[in-house]
Protein chains: 2
Amino acid sequence: MSEWVNMLPGIEQIHAAAERIAPHARVTPVLRSVVIDALTGAELYFKCEHLQRGGAFKFRGACNAVWALSDEQAARGVVTHSSGNHGNALALAAATRGIVAHVVVPEGAVRAKVAAIERAGAIIHRCAPNQAAREAMAAEVQRSTGALLVHPYADSQVIAGQGTLALELLQQASELDALITPVGGGGLASGVAIAAHAQWPGLALFGAEPAGADDAARSLAQATRVTSVVPDTVCDGLRALIGEPNLAALRAHRVELITVSDAETIAAMQLIWTELKQVVEVSSATVLAAIVQQPERFAGRRVGVVISGGNVDLADLPW
Amino acid sequence: MSEWVNMLPGIEQIHAAAERIAPHARVTPVLRSVVIDALTGAELYFKCEHLQRGGAFKFRGACNAVWALSDEQAARGVVTHSSGNHGNALALAAATRGIVAHVVVPEGAVRAKVAAIERAGAIIHRCAPNQAAREAMAAEVQRSTGALLVHPYADSQVIAGQGTLALELLQQASELDALITPVGGGGLASGVAIAAHAQWPGLALFGAEPAGADDAARSLAQATRVTSVVPDTVCDGLRALIGEPNLAALRAHRVELITVSDAETIAAMQLIWTELKQVVEVSSATVLAAIVQQPERFAGRRVGVVISGGNVDLADLPW
């Protein structure tokens with residue numbers, strides 16, 4: 001495990017990332033809801049990354065990775081595989097630097113997300129909807145074009161970029177007691193854990209994971225990375241298996257995982273749409289679903305709740 | 001016409017309203033969208049009244065009306081007829097003063113709105129879905145309870161309250177060239193026109209009206225209040241006939257009306273949900289529909305766009 005911890009960014013790299021992305025990324029707002037606070041008994045501070053450029057937190061990590069490249073590296077372009085938000089983020093980030101982005105997109109990805117990647121000017125490469133096909137196609141693009149891989153989550157600069165969100169949130173909402181993020185590949189959860197604990201070591205950290213893609217929860221419980229989970233969840237943004245460095249960070253920072261059913265997540269999504277009046281994607285609602293499921297862990301506490309993205313097909317809503 | 005102008009509030013009353021509602025109402029944010037600006041060629045400043053207390057601008061007028069009452073008047077309670085947002089706003093406003101609110105609700109009103117009125121603690125009275133039945137039932141409640149009528153739009157204090165929105169917007173987005181609001185009964189459009197022109201007489205004022213409820217456009221064209229229109233539009237918040245004082249204000253302030261089809265409005269609603277990632281109700285999208293329909297009137301200009309509300313039934317979306 002220790003070799004993975006060594007590839008994680010430190011707080012200096014997260015501060016450097018914040019400086020690097022500042023000209024390009026948005027400072028996203030924090031919203032509150034009287035009704036949802038009353039329902040949960042907690043003080044919830046919703047960090048609105050669906051209002052980030054590209055409609056998801058992913059722009060932070062992709063932008064940091066793109067601008068951390070040397071000119072020579074950048075000239076070869078970048079490549080990634082992504083079911084949506086990271087691909088879009090990398091395409092937008094590459095455009096800010098005027099370089100080429102290749103995005104490997106599995107069949108069946110959310111249409112709105114693929115359309116956004118196209119609009120952002122990336123070159124799209126389609127593949128079968130599984131991890132092996134994604135990685136193989138990305139490797140093939142690397143070979144044939146010389147482009148550098150920007151992995152969606154198992155990448156130090158990407159993790160550092162995602163961590164900038166926590167620096168921002170802790171400035172906007174001081175004296176938080178706890179913080180919860182969705183967990184897919186773990187780029188967000190790991191970056192946030194490193195940044196948040198560097199600022200305030202007493203913060204309780206939580207992750208919300210779909211029950212149908214609970215590889216991170218199993219991996220923490222079994223103290224080894226479980227790769228046998230076949231994702232079965234409506235949360236299209238959280239189907240990736242947790243990365244090794246990401247898992248190491250979750251363990252090091254004692255992030256507690258809460259698994260939620262798709263039904264709980266969809267109900268929480270409706271609550272966010274109705275009360276906060278924000279269009280968030282289903283993956284983003286796992287965090288509120290976790291709080292509603294286990295109110296005793298959050299009641300009476302000031303909780304930062306990371307809304308990870310807002311890219312949805314309006315013609316294909318999950319209710 | 002002149003007697004109606006005399007019942008309109010002046011800017012002093014709108015300033016008094018702003019002071020009166022400040023402890024209770026929210027200062028709503030202004031959002032922008034790079035994509036929608038590019039699409040329309042204009043600089044659009046979306047004033048987010050769907051994030052107002054109660055999910056609509058209506059709280060401003062209702063709150064001002066409730067707090068403008070003497071203690072003796074307030075003790076008798078208030079009553080109104082409303083298909084939704086004004087009723088909810090009056091119920092919430094009455095609760096801030098600890099007085100009773102009666103709300104006459106026509107059959108067929110949006111379920112989410114009626115549920116909100118109930119939650120806010122108002123006494124609900126149901127009636128047939130037409131203007132005559134609404135007014136008759138409200139009069140009956142007045143007689144039997146002594147409650148005071150707070151009309152949804154043909155009321156000087158209500159108009160003054162809605163006008164506070166323009167004061168706020170012109171502070172948040174300085175140097176606007178134009179401003180557009182939806183037009184139903186005209187409470188919003190008239191209050192905004194009075195306040196905006198008092199601040200900046202050169203501002204171009206527009207109103208967006210559903211083609212299926214275009215009584216205000218016809219009334220302005222024919223120089224008399226047209227009451228023969230039978231509303232037929234998906235915009236449930238804009239089915240009321242324009243009020244006499246409201247029409248007088250629109251005329252006095254040379255508000256230009258643009259009528260939009262329901263299809264144009266629904267397309268604009270999807271654009272707002274997708275790009276601004278805000279849950280706005282269909283009536284709120286008429287304003288963007290008008291800008292998209294007539295880009296030459298707005299291109300190159302800084303335009304304030306009033307998003308009037310965000311109360312929707314997620315199970316009954318118009319696409």
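Helices (H or I, at least four residues) and strands (E, at least two) are DSSP runs, numbered from the N terminus. The model is predicted: local features need pLDDT of at least 70, side-chain atom pairs count only at pLDDT 80 or more, and totals for chains, interfaces and linings use all residues. Residues are numbered from 1 along each chain as its sequence is written, and chains are lettered from A and ligands numbered from 1 in the order in which they are written.

## Helix α13 of chain A

Helix α13 of chain A covers residues 262–276, 15 residues in total. From its first C-alpha to its last, α13(A) reaches 20 Å, close to the 21 Å expected at 1.5 Å a residue; the expected span is 1.5 Å times one less than the number of residues. α13(A) is followed by A:Lys277, whose phi is positive, near 60 degrees.

The buried residues of α13(A) include A:Glu264, A:Ala268, A:Ile272 and A:Trp273. A residue is buried if 20 or more other C-beta atoms lie within 10 Å of its own, exposed if 12 or fewer, and partly exposed in between, with C-beta atoms placed from the backbone. In chain A, the buried residues of α13(A) pack against the strands β1 (30–31), β2 (43–48), β8 (204–210) and β9 (256–260), and against helix α14 (286–293). Contact between two residues requires that their C-beta atoms, placed from the backbone, lie within 7 Å.

## Domains of chain A

Chain A is assigned domain 1 (2–56 + 155–307) and domain 2 (59–149), with bounds from an automatic or database domain assignment. The C-alpha centres of these two domains of chain A lie 23 Å apart.

Between them, 23 residues of domain 1 of chain A are in contact with 18 residues of domain 2 of chain A. On the domain 1 side, α2 (11–21) and α9 (156–172) of chain A each supply at least two residues, and α9(A) gives the most, with 8 residues. That side of domain 1 has 9 nonpolar, 9 polar and 5 charged residues. Here Ala, Val, Leu, Ile, Met, Phe, Trp, Tyr, Cys and Pro count as nonpolar, Asp, Glu, Lys and Arg as charged, and the others, Gly among them, as polar.

## Chains A and B

Chain B is superposed on chain A by a rotation of 180 degrees with 0.0 Å of shift along its axis (RMSD 0.0 Å). The two copies are thus related as by a two-fold rotation axis. Superposition is by least squares on the C-alpha atoms of residues with pLDDT of at least 70 in both copies. Of the residues of chain B, B:Gln278 comes closest to the rotation axis, at 2.4 Å (C-alpha).

In the interface, 13 residues of chain B are in contact with 13 residues of chain A. The chain B side divides into 6 nonpolar, 6 polar and 1 charged. The copies meet through the same surface, because 100% of the interface residues of chain B are also interface residues in chain A.
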